[in-house]
Amino acid sequence: MDVTEKAGIYGSLIAFGLGVLVCDINEDTYPDIYVSNDFYERDYLYINQKNGTFTEEIKNWTSHLCLSAMGVDIADINNDGLKDIFITDMMPEHIERTKKVMEFDNIDVFKLKQERDFYQQYIQNTLQINNGNNSFSETAYFSGVAKTDWSWAGILFDMDNDGFKDIYVTNGMIHDLTDIDFVDFLANDVIRNMLLKGNKDEMLSIINKMPVTPLTNYAFRNNKDFTFKNVADEWGLGTPSFSSGCAYGDLDGDGDLDLVVNNVNMESFIFKNESRQLTANNYLQFQLKGIGKNPFAIGASVKLSLNGQTLVQELMPSRGFQSSMDYVLTFGVGTIDKIDSVSVLWPNNKVTILENVKANQKLVVLQAEAKDWKIEKVKSKPSLFIELNNASLESHHEDNFDDFDQEGLVTKYLSKEGPALAIADINKDGNEDIFVGGAKGQPGKIYLHQGNGKLKLLVNNCFTDDAEFEDTAATFFDADNDGDMDIAVGTGGNSMAEKAAYITRYI
């Protein structure tokens, strides 16, 4: 029965979903759905409403996304028990290749996409770290995993059994169809001739003339501090190729995860993992046996508690890019030889608890032997700050001036350096008051703090007289030594000629 529309799953005409993964993102025991969309459409995050329906909440959970989102994997990379999300895109690592094969939206197209609700999308991989309060922090650039070229699969698993999940990324395109020289100087002429002559056979000649550049895949070792290091060559995974799908599994039963990689126009890779022979790291494996129509226990979750850390894996074999993983769950546990406790949460919300489990073994766990478990309401982590509602606090409005239309080589907006902000107790009532500067055409404003977070606008015509200036900096100080707070406001205009800021001092 097709319940797509009834369940709240969106069928966009411009969606190009290259990846989908089912996973319990918010730890409420109900599976959610993440869909990665290539091209224009943003990704979807469907949160399970526990009644057969989903709501799409990607903008509530994230600050920005990939533009050309490809494969997706979801796993816990920092052992806090929360599941993080890794999405691949197509940004090259080195500047030379970036200049050769990449083109970017100009600022007008980017703003138009935002106005049309395509959200903030950038050409980069994204690593969304789960904050535990229904939000993610995106750290791909900080983590060193933002650029891996034309990437397909990105899978998260513990390659060296040290207890932390690493990242393996496949990349490569058999022809560089976005090569800018090819597009500008060859493809257009051939296509024009093909249209004039009506000869479709020339399309093959276009494809054959595209540049061919095999690339090495990436193997990012987890540094255990939210950063990663590419060790593909060091770990024997640096063979140039045109790779797409990949899957991991313990092929030889020795306790570490081997790797199979699909390649275009060349033989597949099979990489034997030597971690058990080269390190002192231990492992623990689980083969789950379900009941009824789910004999492999798809959807079950296994959590390990050891040394104050929580290691978690969810049995959802379809991951990365058009690939399926081994049903046996393999945990690396480093040098630890005994795990404090193991809990297996089954799809029917029953649980199996194991304590003081020895490492370096495969455990067969039966859902039929699981016990009832009282489901407790998930408590979100409290936020350090909460937003106070102030009806008197007016929104800041920038004008539509665009620096890039005037100065093509500037790297950021120089006309939007505000709003300036300064805080001081100007009426000596014990509450700090706020000055908020205005953009060009908008006066600055002072809000008096009434106590308990309530603000009141202080009407003052002196700021209105200078509304044409862009307020870029402000500070309170006692300019005339009379014991009260004065304010200096640094201002400038939009154009480069007006950018020489001057200071207006209000006493």
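Of the 507 residues of the chain, 48% count as buried, where buried means under 20% relative accessible area, exposed over 50% and partly exposed in between, with a 1.4 Å probe and protein chains only. The model is predicted, so that local features need pLDDT of at least 70 and side-chain atom pairs count only at pLDDT 80 or more, while totals for chains, interfaces and linings use all residues. Residues are numbered from 1 along each chain as its sequence is written, and side-chain values use heavy atoms, with hydrogens and water left out.

The chain holds nine helices and 36 strands, taken as DSSP runs numbered from the N terminus (helices H or I, at least four residues; strands E, at least two). Its C-alpha trace spans about 80 × 70 × 50 Å along the principal axes.

Strand 31 runs antiparallel to strand 30 (residues 421–424), with four bridges between them, and antiparallel to strand 32 (residues 445–451), with three bridges; two strands pair if DSSP finds at least two bridges between them. I434 stands opposite I423 of strand 30 and opposite Y447 in strand 32.

The whole structure contains three cavities of 30 Å³ or more. On a 1 Å grid over the protein atoms alone, a cavity is a set of points where a 1.4 Å probe fits but cannot get out, a pocket is an open set with protein on both sides within 12 Å along at least five of seven lines, and lining residues have an atom within 4 Å of a point. Grid points are joined across faces, edges and corners, and a volume is the space filled by probe spheres set on the points.

| Space | Volume | Lining classes |
|---|---|---|
| Largest cavity | about 260 Å³ | 16 nonpolar, four polar, eight charged residues |
| Second largest pocket | about 560 Å³ | 15 nonpolar, two polar, four charged residues |

In these classes Ala, Val, Leu, Ile, Met, Phe, Trp, Tyr, Cys and Pro count as nonpolar, Asp, Glu, Lys and Arg as charged, and the others, Gly among them, as polar. Of the 28 residues that line the largest cavity, L156, K165, Y248, V312 and Q313 are the closest to its centre, and strands 6 (72–75), 11 (151–157), 22 (309–314) and 25 (329–334) each supply at least two lining residues.
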